[in-house]
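Here is a short note for someone opening this model for the first time. The points can be read in order, with the structure alongside.

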Amino acid sequence: MNKNLSRLRRAVPTRRKIAELGAHRLTVFRSNLHIYANIISPEGNRVLVSASTQEAEVRKLLEGNGGNVAAATLVGKRVAEKAKAAGIESVAFDRSGFRYHGRVKALAEAAREAGLKF
């Protein structure tokens, strides 16, 4: 089993619990150079809001690439602002099998500070 399959296996129980709750899901994906955040509908079939370090507005504000904590903080604030504009107040956090530290933690804390409830 490789690292990616192990991560996806760890993500299954969380996703199952979130589906049981029927809440909007804030998912995070991180690569070496970028970080992505999506809010997915409770049915799991539509992305309602998204933000990433590949967006032109975010790239202008970044120094260097999007693979650092500062970039994750910026994406967290941006996804929370977009969610508020779309009328989404609370979400369930899906870390997609990634450990809750570093960039994933920075994104979550920035989204909370910007007014999104977990």
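**Notes on a predicted model**

1. Start with a charged pair. Lys17 and Glu20 join their side chains in a salt bridge, 3.4 Å from N to O. The two are 3 residues apart in helix H1, so about one helical turn separates them. Lys17 is partly exposed, at a relative accessible area of 44%. Glu20 is exposed, at 61%. Please keep in mind that this is a predicted model.

2. Which residue forms a salt bridge with Arg15? The partner is Asp94, and the closest N and O atoms are 2.8 Å apart. Arg15 lies in helix H1 (residues 3–21) and Asp94 in strand S4, so the pair ties together parts that are 79 residues apart in sequence. Is Asp94 buried or exposed? Asp94 counts as buried, because its relative accessibility is 0% and the cut-off for buried is under 20%. Arg15 counts as partly exposed, with 30% relative accessibility.

3. The count of salt bridges comes to 7. Another one links the side chains of Glu89 and Lys84, at 3.2 Å from N to O. Glu89 is partly exposed at 38% relative accessibility. Lys84 is also partly exposed, with a relative accessible area of 33%. In general, side chains of opposite charge can pair when their charged atoms come close.

4. Now the strands. S1 and S2 run antiparallel and are joined by 6 bridges. A hairpin of 4 residues connects S1 to S2. S2 also pairs with S3, again in the antiparallel sense, over 5 bridges. In the hairpin of S2 and S3, 6 residues lie between the strands, and Gly44 there has a positive phi near 85 degrees.

5. Leu26 stands opposite Ile39. In S3, Val49 is the bridge partner of Ile39.

6. Next, the largest nonpolar core. This core has 25 residues, and those that touch the most other members are Leu26, Ile39, Val75, Val79, Phe93, Leu107 and Leu116. At least two residues of the core come from each of S1, S2, strand S3 (47–52), H3 and H4. H3 gives the most, with 6 residues.

7. Neighbours within four places in sequence aside, Leu107 is in contact with Val28, Ile35, Ala37, Ala72, Val75, Gly76 and Phe93. Just after H4, Gly115 takes a positive phi of about 110 degrees.

8. Last, a backbone detail to check. Most residues other than glycine have a negative phi. Ser96 has a positive phi, near 60 degrees, and is not a glycine. Where is Ser96 found? Ser96 sits in the loop between S4 and H4. Ser96 counts as buried, because its relative accessibility is 4%.

How values were computed. Residues numbered from 1 in each chain as written. Predicted model: local features only at pLDDT ≥ 70, side-chain atom pairs only at ≥ 80, totals over all residues. Heavy atoms only, no water. Core = buried A, V, L, I, M, F, W, Y, C linked by side-chain atoms within 4.5 Å. Buried < 20%, exposed > 50% of the residue type's maximum accessible area, 1.4 Å probe, protein only. Contact = heavy atoms within 4.5 Å. Pairing = 2+ DSSP bridges. Salt bridge = Lys/Arg side-chain N within 4 Å of Asp/Glu carboxyl O.
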